[in-house]
Amino acid sequence: MKKQTNLLVVEDDLSMREFLSDLLSSDYNVDCSVHGGDAKKKLLDKAYELVITDVIMPEVSGIEVLKHVKEQCPGTAVIVITGHSTIQQAVELVKLGADDYFSKPFNIDDLLLVIEKTLKHKKFLNERKKSKETDGKPSLFPEIIGKAKVLKPIFEMMRKVAETDATVLIQGESGTGKELVARAIHEKSPRNGRSFIPINCGAIPETLLESELFGHEKGAFTGALVRKFGLFEIANEGTIFLDEIGEMSLTLQIKLLRVLETGTFRHIGDTNDITVNVRIVAATNKNLKDAVANNEFREDLYYRLNVFPLVLPPLRERKEDLDLLVHYFLKKNKLEEKNVGFSDDAFKVLEKHNWPGNVRELENVIKRAGILCAGKEIAVEHLPREIRFAGNTALSGTEIYEKTFKAAKAEFEKNYLERLLERTSYDITRASKFAQVTRAYVYEMLKKYNIDYKRK
Ligand SMILES: Nc1ncnc2c1ncn2[C@@H]1O[C@H](COP(=O)(O)OP(=O)(O)OP(=O)(O)O)[C@@H](O)[C@H]1O
Ligand SMILES: [Mg+2]
């Protein structure tokens with residue numbers, strides 16, 4: 001075991017070098033360097049667990065070797081052996097990152113013990129660092145909960161893209177965390193001290209959205225009583241988050257394309273160009289490719305936005321994260337401190353459910369159950385009926401006596417339609433294709449069950 005550990009001894013004094021080499025060779029793989037320059041070369045060629053270095057050497061000193069190791073091979077430990085140590089020098093060495101230091105003459109047993117202790121400690125630190133980097137919830141985005149395999153490439157892409165100014169398009173069903181991801185990218189980007197301006201393009205009428213985004217001059221249209229800055233100016237040097245970009249009108253899409261291509265735009269009612277430096281993150285729960293095929297979204301804009309596509313998976317495709325998310329939301333809603341948790345049966349219902357509303361739906365279910373359970377364990381009865389029902393389409397033994405076939409069928413149909421609409425973003429054509437029925441039949445059923453199918 002020990003023989004696999006590589007040590008580098010850096011010492012200009014021949015007798016000391018040979019002494020250390022002999023002492024350590026029975027337990028470790030030992031290489032020796034006569035001076036710092038040679039040590040740097042060896043460190044390039046081979047991975048060492050530990051470097052033991054003298055301080056005063058011609059040309060490249062031990063201090064430089066120490067600095068080099070800390071910068072270039074942070075996983076390697078360094079023990080410094082000094083000719084004459086003062087407290088000041090010792091403090092300096094520790095500050096520079098030495099794991100330990102000895103002054104000559106030293107006790108051999110002490111040195112062997114310290115080498116062993118240092119190697120053990122360094123190994124522990126290296127493993128902890130490694131597990132932090134690879135355990136799915138990178139410390140870089142601690143606010144995004146999830147360790148599922150499907151999230152790994154997304155975290156990786158987020159990490160890379162955060163450092164750049166590239167446009168990002170986040171796609172995913174409602175409640176999958178698109179806004180959370182957009183904010184996290186901004187926070188980890190060099191723009192983090194500047195504003196993050198979110199705007200929901202689906203929630204505002206077209207004319208209003210235009211003046212919100214691009215601003216207007218006084219008198220540009222009826223009601224434009226004063227000159228107004230656009231969000232693109234307000235977000236200058238920062239990030240603008242264009243939520244529900246799929247809802248943007250074709251006319252505004254052209255203006256947005258211009259900002260993306262040239263970094264310029266004009267106030268409504270003005271002919272002067274305004275140049276800005278804004279990072280654009282856009283999100284949609286629509287399938288933008290379909291929207292392009294249906295001529296609802298400009299193809300050129302789609303490709304401009306889609307430089308870095310991030311597709312967030314629905315919760316049902318990462319159910320292994322349910323446990324983590326449940327704990328997170330119990331904590332967030334101050335339920336964990338009251339020792340409120342899910343009963344095994346209640347948790348099984350969560351596992352069976354297919355979560356059309358994704359993480360947002362889960363959080364709401366937990367909030368509601370937390371209130372209903374009154375500080376006790378969350379049981380199946382504290383979960384919304386549609387969840388219990390959707391998770392188990394077969395009626396339970398007692399329920400079967402309570403319902404006629406007709407009532408049970410109606411309940412199923414209504415539930416099915418509601419989920420279907422959520423899933424297809426209230427797009428009747430997609431819903432009918434998905435369910436393999438005609439659009440007319442979907443409308444008929446919506447009317448029958450009095451379901452409001454206009455997008456909320
Ligand atoms: N991985 C996650 N970890 C912790 N919280 C999450 C996660 N994903 C989503 N959430 C939470 O779920 C809620 C919904 O997330 P968010 O608003 O980002 O979703 P969205 O995809 O933008 O939804 P919509 O399309 O409906 O706007 C938020 O409260 C968010 O904090
Ligand atoms: Mg959102």
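## Aromatic pairs

Phe214, Phe232 and Phe265 form one aromatic cluster. The model is a predicted one, and it holds nine aromatic pairs. Two of these pairs are described below.

A pair of aromatic rings is described by the distance of the centres and the angle of the planes.

The ring centres of phenylalanine 232 and phenylalanine 265 are 6.0 Å apart, and the planes stand at 45°, so the pair is tilted. Phenylalanine 232 is buried, its relative accessible area being 0%. Phenylalanine 265 counts as buried too, at 2% relative accessibility.

The other pair is formed by phenylalanine 412 and tyrosine 416, with ring centres 5.9 Å apart and planes at 35°, so this pair is tilted. Helix α18 (residues 405–423) contains both phenylalanine 412 and tyrosine 416, which are four residues apart, about one turn of the helix. Phenylalanine 412 has a relative accessible area of 38% and is partly exposed. Tyrosine 416, at 36% relative accessibility, is likewise partly exposed.

The values for the two pairs are set out here.

| Pair | Centre distance | Plane angle |
|---|---|---|
| Phenylalanine 232 and phenylalanine 265 | 6.0 Å | 45° |
| Phenylalanine 412 and tyrosine 416 | 5.9 Å | 35° |

Technical notes:
Residues numbered from 1 in each chain as written. Chains lettered and ligands numbered in written order. Predicted model: local features only at pLDDT ≥ 70, side-chain atom pairs only at ≥ 80, totals over all residues. Heavy atoms only, no water. Phe/Tyr/Trp six-rings, centres within 6.5 Å; stacked < 30°, edge-to-face > 60°. Buried < 20%, exposed > 50% of the residue type's maximum accessible area, 1.4 Å probe, protein only. Helix = DSSP H or I, 4+ residues; strand = E, 2+ residues; numbered from the N terminus.
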